[in-house]
Amino acid sequence: MKKSLNVVWLKRDLRTDDHESFYHAEKLCDDYIVVYLFEPKQINYSDYSYRHQNFIFNSILEMNKNLSLFNRQVHIFHADADVFFNYLSEKYKVNSVFSYQESGIKNSWDRDQKIAKLFQLKSIKWKEFENQSVKRGLANRKGWDKLWFEYANSKITSNNFTKNDFNLDETPFDFNIEKFSFLKSYPTKFQPAGEEYALKYLDSFIQNRVKDYNKYISQPERSRYSCGRISTYLSWGNITARQIFQRVKKSQEYQMNKRNFDSFLTRLKWRSHFIQKFEVDCSYEKISINRGYEQMNYPNNNFLLDQWKKGQTGFPLVDACMRCLIDTGWLNFRMRAMLVSFLCHYLEQDWRRGVYHLAQLFLDYEPGIHYPQFQMQAGVTGINAIRVYNPVKQSKEKDVDGKFIKKWIPELSKINSAFIHEPWKLTDIDLIGISIPEIYRVPVISFKLSTTPVKKQLWELRKDDLVKKESKRLLRIHVRQKKIKK
Ligand SMILES: Cc1cc2nc3c(=O)[nH]c(=O)nc-3n(C[C@H](O)[C@H](O)[C@H](O)COP(=O)(O)OP(=O)(O)OC[C@H]3O[C@@H](n4cnc5c(N)ncnc54)[C@H](O)[C@@H]3O)c2cc1C
């Protein structure tokens, strides 16, 4: 007779605390295993990168330290979910699988549909838990804010583990680190992975870093310290929004820095707000949120795109941001927005040509935020203001002394700071004894940054009937009714 077991299937919920799947698996008092799947169909897709896998792997290593106290571990397998669960159900009597709902791209949605059919066929119960107040099958935003606050204030799940005495046999899909040699070391410039670090970052923010949260939020250098820096931990589920919300609210520091904390908590809610949009329609990965903007005609240009990807456009702040991102995996909101705006509005590239590049680079890549935000900054939603960030203006305002630029573009570190935002203004006499790369004397597009045909098209399409019709539809689905009336 086959041995019976249950499965906790981890995805973007790599923690051992405030975890519904563990809680319910323990409650059944039956044998269960914990699995994480490096699924070829997911990890080889355009949005994934080695850095994501590395963060995931290191989060699991930390979970395993905690779980080993109970003779448990997260078993890692290298297999697509349907192949793996099919195999597992041949070898064992799999009764229940516990996992969190994923508001991912169509790729993961299709996988989940396939798995649902397989589980039905094999009489496996699949209990999926709601992920941090993101609702499945929501028709509009009526009452959504209230539900979010209910979630944020609700009781944190307390996880207790029992000792395991079930041994899983070897499988053909056992993880072999030799096939993933990039996982053997974790780049020190990335935020360290795991739930212990999630709490360390949060606590250092609460106790210290929050003081300048609003003041420096858009500055590329100072925000690295003053922002929460909690996004990567949220994206891979090392911590939950309600753990953060309650820890902030209950802290002694909350009243002393209420304005800063409240701005931070508002953004925490935005997080779910954006993921909710994507949960409703994951086609936003590929199609303009406002279908009317599919009429856009972008010149596109491979050379310009490549220079943007490498951080070699000749615009110092743009290049510094891209190079910093390549090295560290993190940028503040404003600089992310500027990179997208520069790509779409000045380099005149279709947003789809850059969306996966940034997805791969963001260590905190979260599809539910990434695609709607990318489109918002590209100006193709029809329901948000079109914001065009002039990189020279941003540079002068947000990196006044050029510290950030000089750090990430050492080729410019020797020039007089007065020219750091516009090195093309350096004359031959200023450059005596110094050499700078030609790209900073003649950037890839005119440094005058005048209005481009793409910007004109974006504005003109605002008057288009389809765009207007689409905007109305989107307001009905994604925006609170009260807000629409105002
Ligand atoms: C083009 C673009 C793509 C983005 N892609 C991602 C992504 O893949 N993953 C991601 O987590 N964030 C993304 N963001 C949002 C934002 O830039 C990051 O959440 C933020 O910079 C993370 O830093 P932090 O944790 O210090 O944020 P804090 O300022 O400390 O904010 C606290 C938390 O609120 C949430 N948050 C903050 N700003 C936003 C926002 N504008 N929209 C939604 N949620 C927000 C994040 O979860 C963040 O951790 C993107 C923004 C843009 C413009």
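Which residue in strand 4 is the bridge partner of valine 8? I began my notebook with this point, and I record that the model is a predicted one.

**Entry 1: the sheet**

I looked up valine 8 and found that its bridge partner in strand 4 is phenylalanine 98. I then noted that strand 1, residues 4-10, and strand 4, residues 93-100, are paired in the parallel sense over 4 bridges. For strand 1 and strand 2 I recorded 5 bridges, and these two strands also run parallel. Within strand 2, tyrosine 32 stands opposite asparagine 6.

**Entry 2: strand 2**

Why is strand 2 described as largely enclosed by the rest of the structure? I found that 6 of the 6 residues of strand 2 are buried, so the strand is largely enclosed. I then sorted its residues by direction: Tyr32, Val34 and Tyr36 point one way, whereas Ile33, Val35 and Leu37 point the other way. I noted that all of these residues are buried. As a general rule, side chains in a regular strand alternate between the two faces of the sheet.

**Entry 3: two residues with positive phi**

I looked up cysteine 29, which is in the loop between helix 1 and strand 2. Cysteine 29 has a positive phi of about 60°, although it is not a glycine. I recorded cysteine 29 as exposed because it has 8 C-beta neighbours inside 10 Å, and the cut-off for exposed is 12 or fewer.

I then turned to serine 133, in the loop between strand 5 and helix 6. Its phi is near 70°, again a positive value in a residue other than glycine. Is serine 133 buried or exposed? I recorded serine 133 as buried because it has 22 C-beta neighbours inside 10 Å, and the cut-off for buried is 20 or more.

I located asparagine 64 in helix 3, residues 50-67. It counts as partly exposed because it has 16 C-beta neighbours inside 10 Å. Leaving aside neighbours within four places in sequence, I found asparagine 64 in contact with Gln73 and Val74. I also looked up valine 210: asparagine 64 is 146 residues from it in sequence and 31 Å from it in space, C-alpha to C-alpha.

I located alanine 418 in the loop between helix 19 (403-408) and helix 20 (453-461). Alanine 418 is exposed, with 11 other C-beta atoms within 10 Å. Between alanine 418 and glycine 402 I noted 16 residues of separation in sequence and 8.8 Å in space, C-alpha to C-alpha.

**Entry 4: the domains**

I recorded the division of the chain into domain 1 (4-129), domain 2 (134-154 + 194-279) and domain 3 (285-485). The C-alpha centres of domain 1 and domain 2 are 26 Å apart. I found 14 residues of domain 1 in contact with 16 residues of domain 2. On the side of domain 1 that touches domain 2, I noted 3 nonpolar, 5 polar and 6 charged residues.

**Entry 5: helix 11**

I looked up helix 11, residues 241-250, and found Ala241, Arg242, Gln243, Ile244, Phe245 and Val248 buried. The elements covering these buried residues include helix 6 (144-153), helix 7 (195-207), helix 10 and helix 12.

**Entry 6: around the ligand**

Which residues come nearest to the ligand? Of the 27 residues around the ligand, I noted Cys227, Gly228, Ser231, Arg267 and His370 as the nearest. I recorded the residues of this shell as 14 nonpolar, 7 polar and 6 charged.

I then looked up where the shell comes from. Helix 10 (231-235), helix 12 (258-280), helix 15 (333-346) and helix 17 (367-378) each supply at least two of its residues. The largest share, 6 residues, comes from helix 12. I noted finally that domain 2 and domain 3 each contribute at least three residues to the shell.

Notes: Residues are numbered from 1 along each chain as its sequence is written. This is a predicted model: local features need pLDDT of at least 70, side-chain atom pairs count only at pLDDT 80 or more; totals for chains, interfaces and linings use all residues. A residue is near a molecule or strand if its C-beta atom, placed from the backbone, lies within 6 Å of it. Ala, Val, Leu, Ile, Met, Phe, Trp, Tyr, Cys and Pro count as nonpolar, Asp, Glu, Lys and Arg as charged, and the others, Gly among them, as polar. Domain bounds come from an automatic or database domain assignment. Two strands pair if DSSP finds at least two bridges between them. Two residues are in contact if their C-beta atoms, placed from the backbone, lie within 7 Å.
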